[in-house]
Amino acid sequence: MRKWFREKLKPKAVVFVDYEHWYYSYLSKWGFKPNVSAWRKEIESKYRIDYMEVFADFSKPAISEEKAYLETIADRVYDTKDSNTYRNKDTTDFIMLDHIYRSAVKYRNIPNYVLFTGEGNFRSVVKFLTEHRKKVISYGVNGAYSGMLRAAATETILLPSEDEIYIHYRDYIIDNLAYCVDSGKIISTFSGTVEAVAKKHHLEGYPVKQVLTRMLDEGYLYQRDHYYGINKKTRMLAADWERLIAEGLFVVHEAKDNTPGGED
């Protein structure tokens, strides 16, 4: 009963997601896919979602696999593909914009609009909503978000969070170190690991370096001198495998990727 009352006290909101933008921006800029289920739970902690709609062109193989997953999370998922040979990203934007405008006219009692997009095309609808006394919470991808949209929205939240980046990149680093250990030939180093992980997952080196440094600070990794050849020495990067296994961050005998690390 108390839970029911707490839900009723939350402000009502509708949610519109430009998943085409979110999916491709995450992959190209951050190297992993969105966790839409966790994101919805975050929204639900603050708002009572009346309904959630997701829009994307699912005709390409990679993103087509996301549709069934999204249908378990959203109330409605719209495939914006069409037969136009010269179709562009604006098709998804136009369809989503139409749904937002229709919602504002039909459901006048909903005070909050949660939009996930980064396109400047949505500035006009955001202004329309705020002029009609709606609160617009605008989510977008860091590095792929319109400044005009930020200026128009009531509140702006950019993803991924630092914790989200850390979790994914930590796993990439652990996989790479495990591969090097299994090879029996590759000596992992700080810079070599940064380079290998960034290359495999098409990432910028700096955020990988930040995560690796944090793992060292937290004691998951450590460095020690490694001697080789004649009077040659390097700083070897190693993992506290017992701790990683105990905390469920690494499973023995799991499949490894085929990307080697590297020496300085």
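Biologist: In what order do the six strands of the open sheet come, and is their pairing parallel or antiparallel?

Modeller: First, a caveat: this is a predicted model, so local features need pLDDT of at least 70 and side-chain atom pairs count only at pLDDT 80 or more, while totals for chains, interfaces and linings use all residues. Residues are numbered from 1 along each chain as its sequence is written, and side-chain values use heavy atoms, with hydrogens and water left out.

Now your sheet: the six strands run 3-2-1-4-5-6, with parallel pairing. (Strands, E, at least two residues, and helices, H or I, at least four, are DSSP runs numbered from the N terminus; two strands pair if DSSP finds at least two bridges between them.) At the edges sit strand 3 (76–79) and strand 6 (155–159), each pairing on one side only. On average, neighbouring strands are turned by 15° against each other, direction ignored. (Axes are lines fitted to C-alpha atoms, for helices over the stretch in contact, and angles run from 0 to 180 degrees between N-to-C directions.)

Zooming in, strand 1 (residues 12–18) pairs with strand 2 (residues 48–56) over seven bridges, in the parallel sense. There, A13 stands opposite I49 in strand 2. Helix 6 (residues 90–106) packs on the sheet and touches strand 1, strand 2, strand 3 and strand 4 (112–116), where contact means heavy atoms within 4.5 Å. The direction of helix 6 makes about 170° with that of strand 1.
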